[in-house]
Amino acid sequence: MTADLEATAEAAPVRSRRRVWWPAALAAAVALGLGVPALVAGGSSASGSSVVVPVNDSPEAGFARDMSAHHQQAVDMSFIVRDRTQNEEVRNLAFDIINTQANQRGMMMGWLDQWGLPQSNGTTPMAWMKMDHTYEAHDGSLMPGMATNTDLAKLRTLSGKDAEIFYLQLMIRHHTGGVEMAQGYVDLSSNAVEKRLAESMVNGQRAEIDLITQMLAERGAKPLA
């Protein structure tokens, strides 16, 4: 599920329906990855100063863990719809999401490993955001925007246009939750490298929400309430 990581680190605007933003996001991985050596636990910067490594309950670690889980579900849903429709437009969108979010998930999990932190620490998802209210996990939906197990089971029973519509509806909701989490991290971040990745998520997924909304309208459907 990897792609050729060439181009610039800036998220590109939506150029066409068939290729939305994953090439730019994947290219960003190259530039962002260049900053990874400076994040290694116990390392030092080029100037010789000590590097500050995120601690276990930090926003940096929390965002990396939670967005990794959020991304994984988007990848799973995209694999499901890829096999439930022959529509080229939807299959290309699914392919874009698979490549982008799997790549970003790998980056975040890699950072956790380099920071010497566990991939999961058993805390309440998104607790690092210090929100006034918490999301009540239910039926496999751990964070805002995530589909439930019931939603996923339903998607697996659909095909053709019905599968396309339900997938697009779930993905708008999923992206909306992802944007809120990524923006929450941007507002709290003290790690420039991870902040740039979060900003690319905000910009890319907002653009993709607009595209998916249009795709739904073309199919005579609207986003879920």
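## Ser58

Ser58 sits in the loop between helix 1 (22–33) and helix 2; helices here are DSSP runs of H or I with at least four residues, numbered from the N terminus. The model is predicted: local features need pLDDT of at least 70, side-chain atom pairs count only at pLDDT 80 or more, and totals for chains, interfaces and linings use all residues. Residues are numbered from 1 along each chain as its sequence is written, and side-chain values use heavy atoms, with hydrogens and water left out.

Ser58 is buried, at 7% relative accessible area (buried is under 20%, exposed over 50%, partly exposed in between, with a 1.4 Å probe and protein chains only). A polar atom of the Ser58 side chain lies 2.7 Å from the backbone oxygen of Val55. The backbone nitrogen of Ala61 is 3.2 Å from a polar atom of the Ser58 side chain.

## Salt bridges

There are 4 salt bridges in the structure, each a side-chain nitrogen of Lys or Arg within 4 Å of a carboxyl oxygen of Asp or Glu. One of them joins Asp151 and Arg173 at 2.9 Å, N to O. Asp151 belongs to helix 4 (residues 149–157) and Arg173 to helix 5 (residues 160–188), so the pair ties together parts 22 residues apart in sequence. Asp151 is buried at 15% relative accessibility, while Arg173 is partly exposed at 29%.

Glu89 and Arg219 form another salt bridge, with their closest N and O atoms 3.3 Å apart. Glu89 is in helix 3 and Arg219 in the segment after helix 6 (192–218), 130 residues apart. Both Glu89 and Arg219 are buried.

Definitions and conventions
Helices (H or I, at least four residues) and strands (E, at least two) are DSSP runs, numbered from the N terminus. A polar contact is a pair of N or O atoms within 3.5 Å; within protein, one must be able to donate a hydrogen and the other to accept it, and residues adjacent in sequence count only if both atoms are side-chain atoms.
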